[in-house]
Every structure is written in C-alpha cells, then in structure tokens.
Amino acid sequence: MNPLANRTGTTAGLGPSVALAILALAFAVFATAQLAAAVTPAKSAMVAHLAADVNPGPSSSDAGDFVAVGGQLFFTTDEGPQGAELWRLKDGKPELVADIAPGKASSYPSYLTPFQGQLYFTASNKTNGRELWRSDGETAELVADIRPGDESSTPTDLTVAAGRLIFSANDGVAGTEPWQYDGNTTSMVADIRAGANGSMPGSYTDYKGFVYFRADDGVAGTELWRTDGVVTNMHANIAAGAANSYPALFVEFGDFLYFRARTPGAGEELWRTNGPTVSAVANINPASESSYPSYLTVFKDHLYFRADDGTNGSELWRTDGDFPLAQTELVADINPGATESGPSSLEVQGDHLYFRAKQASTGEELWRTSGSGVELVADIGPGEENSSPSDLTSFGDALYFTANDPEHGYELFRTTTDGVELVKDILAGSGSGAPDYLTEFGGSLYLSADDGTTGYEIWRVTDDSLARVKLPQKKLRVDRAGRIRVRVGCPAGEVSGPCAGKAVVKTKNRVKIGSRRRQLTVGKADFSVPAGQARVLTLKVGKAVRKAIRRNPAARKVVVRVKVGDTVGNKGQTARVVRLTGPGSR
C-alpha cells in the first residue's frame, strides 16, 4: 500500500520498504611470525547481534533497565543464580556488580539514576529493607538507611535536579516526603504534611534553579510545590480549596515549565509557569470536560502533545509558547471524525517528529511530521492490521523501534530515506524476538531480545564497517613434507561472522618450468572461522612447485593473498609479499 495515500499536509513522503542492510566486515589473518596490520574499508552498516548471554543456555536473564554511567553500562536481571541483581558490561562482558540480597534472593534494583559519576538506585535486602544504594561499577554500597533496621523507606522517583538527587521516601515517622542527597548528606527536604500520612510527593523537575513537584499538604490537596533545597512552599493552589489539581508531565519549553493540571471548571488541561506566574495555556476541551494533554514533546519552535477537544477525539496538537497568549492548535485530524488516532510515543529524529497513531484504513502505524502536516511513514502491518510501533528511539541517523508484521512478529525496525526496514528477524519466522529497553551506549544501541535459543538476553546494534586483515611480516615456513601452516583468526568483534574465504600463496615473479615462464601457485586453502576463534590452515605445496622453488631462489619470494567474506555478503581482501623459508624451500 502507498504510505502517502493517507497523508495530510505538505511534508514529502516516505515509501515503505523492508530490506536488510548490507553489513560490513572485520577479519584477521596471522601466521606464526610477528604480524603487521592492514586495514581495508568496507561498506558501512549497523548490524544487530547477540552481545551477551548473561544467563548461559536457553534460560533468560531478562536483562533490562540499561543505564550508562561513567563509561559503563549498568543493567538489571530478573533471573539467574543470584536472583534479580545489579550487573554491568565490562569490556563487552557481563559482570555481577554486587549480590545485594545474597544467594538466590533478589534485591530488585530500581530507579537506576546517574548522579555525580556514579549510579544511584534503590534495592532491598533482609537487613535494611528497600533503601538508597549507589555503585561505581566495582562494588555497591548503602547510601543511607533512612528507615533504620529491616523496615523499608522505599525511595522512589529518583531525579537529579538543582544539583542534588531528589527522591521520595518514608522514614517511618513523617510518612512519604521529599528527600535529597547532595553527594555527602541525606536529608528530608521538608515535612510538608505533618504526621505519619506524608504528602506523597512526586514528578520532580529541575527548572530555573528550583525543584518543582506535586504534593498534598492535607489542606489544599495535591498541588504544585517547589523548593530550592532550603525553602519549600506551595507554588500555586491551581484547584482552589481542598480540590486536587494533580500537576504532572512537566516539560520545559521556551521560558516556561509546561504541565498538565486539573480544575473543577475545566478538567485536565495544559498549564504553564515561568516562576512568577501560573496559568492555563488553553481550554482545549470546552466546559468542564478534560482534553487530557499527554506526551508533551518539544520539536523545533513548538510544544507538541496529544489532546482531545471533544470533537475529533485524541489527536496531535501543538502550542507556540507565545506570552501572554499562546497559539494552540490541532496539527491534524489523522483519523477523521470523532474517532481518535491516539498519537503516542513522540520522538524527535533529525528534522521530523515521529509518533504512533491509528487510522481506520491502516491500523496503528508509524507517522511523522516536519512541522507542516503529517504523513504515514509505512504501513508495516498491511491494511487494517496494527504494527503498533513501540520504544521509538533516536540513534545515529535513524529512528529505531519495535513493530509487528505478519511475517516476522514483533522485531526491531528502523527508518530509512524512503521508509522503514527490518534490522534483524531476531527470532526467525513469525515468532517475536520482542526487543525492549533500547539504549544508546558507546556508539552502539543496546537492547534485550529473545532469539529462541539463548532466551531474553542482551543484543547490540553496532557499526560493522571495516575489513581488518593481518598478514606475516617477512617469512613463511615450508616443512620437509612441503606444507605451509597459516593461522587464521576471526576477531571477537566480527558481528557478521563466521569469517570465510580463501588463502592463496603464489610466486611473486614468473618462474621457468620447462620452456615456459609463469607465476606458480604455491598452495591454497579455504577457511571458515567463527568470530573470536582461530584455525590453522595447511597449504600443500606440490612436488613440481617445490622443485622449482628449490632450484630458483627468486621463486621463494611469494605473494600471500587472502579473500574473505561474511554471512551478509560483504567481501574484503589483502595481499603481501613474504619470503619462504624452512627445509622444504631449499
């Protein structure tokens, strides 16, 4: 189906295509002597491959919650001999950071958050309950036992704001209140609601040197608060009296902090504050009905979001942020009429804002806007079928996401210049590899997926762009039986292995045999070497060639030529002049 058939606006279109990218090659060949490197550029491509089998064999580790801190990639697991604990990738290999709940018990690390070069998180054990921990990658330590003993303070909503780590916790006396850690000391920000009930704060956001959040003081309901770490007060009682406005989804745009809030007269609508003022941006759904703005995302010179005006259903909206009166408008009625398209998962990639939306004729698919109109990127699930794109993630020059098509199930896709393509059918066939937790780290995209063999483990999308070939420096030995042994290695980093090809040794110059002069083939052998392993090739030298080599010293100068390819069709080759030595050459 033509993806522009349901296009609205003037943005240029994308056609659907699903094709595997041509990948690149990494290869090494070396003999018994000292080696010298030669590098051959190959076609550049991003390749998906299994990066680590944390729980070896068919059982899953359920690795997830990837977070990059200080050049390390931390993650959690749900299965394995140590239970659910904190791990890291070190030099590409999985390593348990700490068994916080010893043995088969699980500490269930949560809210993994980088702060001051370390990873902060919550974890639980029998001694301390669930408390605040941190790790530098080598070990893990308890930051504070806020609720002493085996009772839990249950820290949540860990957020770096105003130079501090802000979170909610319950010390067993004041109830759940806002807390902070400055790198040295853990302290309660304020006891907003006196007594053991707590103010139940959340949605912490850094804005102009303050931490904005919502809390309930027991008098004004759940409202907008802020703190500078010393002074804490209610910033606005948006829903007057004891009613709750439930401010949430804070996003800074221009000079304002935007959020969603509820009032008895207008329902849940879009609001903003610049510090001195707090005001509604627009009453999108008139009267007391709610427009429920969500997925607030800054793109170019507008704030985009999903909202329901009561006429068109939930569709894509935007506001320009002008003050005192912002222009707020419907971008497109993607699913015409009162039935919603439900745009969600908004993600910026390059000059476009991508999102998921549903239309009656195409189902739930990937859409985008450049700021002028919207367009369907590709109908991955043909017709009314839903591909339900998820985990939209900008990486490099493409948008990566998971989607479902009838042939491959839920797998990893990416955008191209003319549509989308399948990155890899991780679980071959119509079953689903179910990729999740897409996270950029060290120039690669990490994720969890199930290939049906190793279980749900760590995968990586990385650039496979060079053919690396190493050859002997000066000499190649021929034994008395006329055999040349060449050791061929395929680097561990070869993600499109095995490395397969042919090694051929020929005389550099033409050699006279009888009345003719010609270049002689000294020996040749095919090879196939798995990534990270090596094989010794034996090249047999024929009697006639051995005789010519022995009689003519010039014939001992040979060219070693290696041609190699990988599983996706990339090819590379290199050649070097060396000298034959050993008893079989004299």
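## Charges over rings

A charge sits over a ring if NZ of Lys or CZ of Arg is within 6 Å of the ring centre and within 35 degrees of the ring normal. The charged end of Arg272 meets this over Phe256, at 4.3 Å from the ring centre. Arg226 lies over the face of Phe210, 3.9 Å from the centre of that ring.

The model is predicted: local features need pLDDT of at least 70, side-chain atom pairs count only at pLDDT 80 or more, and totals for chains, interfaces and linings use all residues. Residues are numbered from 1 along each chain as its sequence is written, and side-chain values use heavy atoms, with hydrogens and water left out.

## Aromatic pairs

The structure holds 17 aromatic pairs. Rings of Phe, Tyr and Trp (its six-membered ring) pair if their centres lie within 6.5 Å; planes under 30 degrees apart count as stacked, over 60 as edge-to-face and the rest as tilted. Phe115 and Tyr181 pair edge-to-face, with 6.5 Å between centres and 70° between planes. This pair links distant parts of the chain: Phe115 is in strand β8 (residues 110–115), Tyr181 in strand β14 (residues 176–181), 66 residues apart. Strands (E, at least two residues) and helices (H or I, at least four) are DSSP runs, numbered from the N terminus.

Buried means under 20% relative accessible area, exposed over 50%, partly exposed in between (1.4 Å probe, protein chains only). Phe115 is buried at 5%, and Tyr181 is buried at 3%. Tyr207 and Tyr212 also form an edge-to-face pair, 5.5 Å centre to centre with 65° between the planes. Tyr207 is buried at 1%; Tyr212 is buried at 0%. Phe66, Phe75, Trp87 and Tyr437 form one aromatic cluster.

## The largest nonpolar core

A nonpolar core is a set of buried Ala, Val, Leu, Ile, Met, Phe, Trp, Tyr and Cys residues joined through side-chain atoms within 4.5 Å. The largest has 28 residues; Leu476, Ile484, Val522 and Leu580 touch the most other members. Elements giving two or more residues to this core include β41 (483–489), β45 (521–529), α1 (543–551) and β48 (571–581).

Contact means heavy atoms within 4.5 Å. Leaving out residues up to four places away in sequence, Val522 touches residues including Ile484, Val545, Ile549 and Leu580.

## Helix α1

Val545, Arg546, Ala548 and Ile549 are buried in α1. Seen down the helix axis, the buried residues fall within an arc of 160°, so they line one face of α1. That arc is taken from the directions from the helix axis to the C-beta atoms. Cover for the buried residues of α1 includes β43 (511–513), β45 and β48. The face turned away from the buried side carries exposed Lys543, Ala544 and Arg551.
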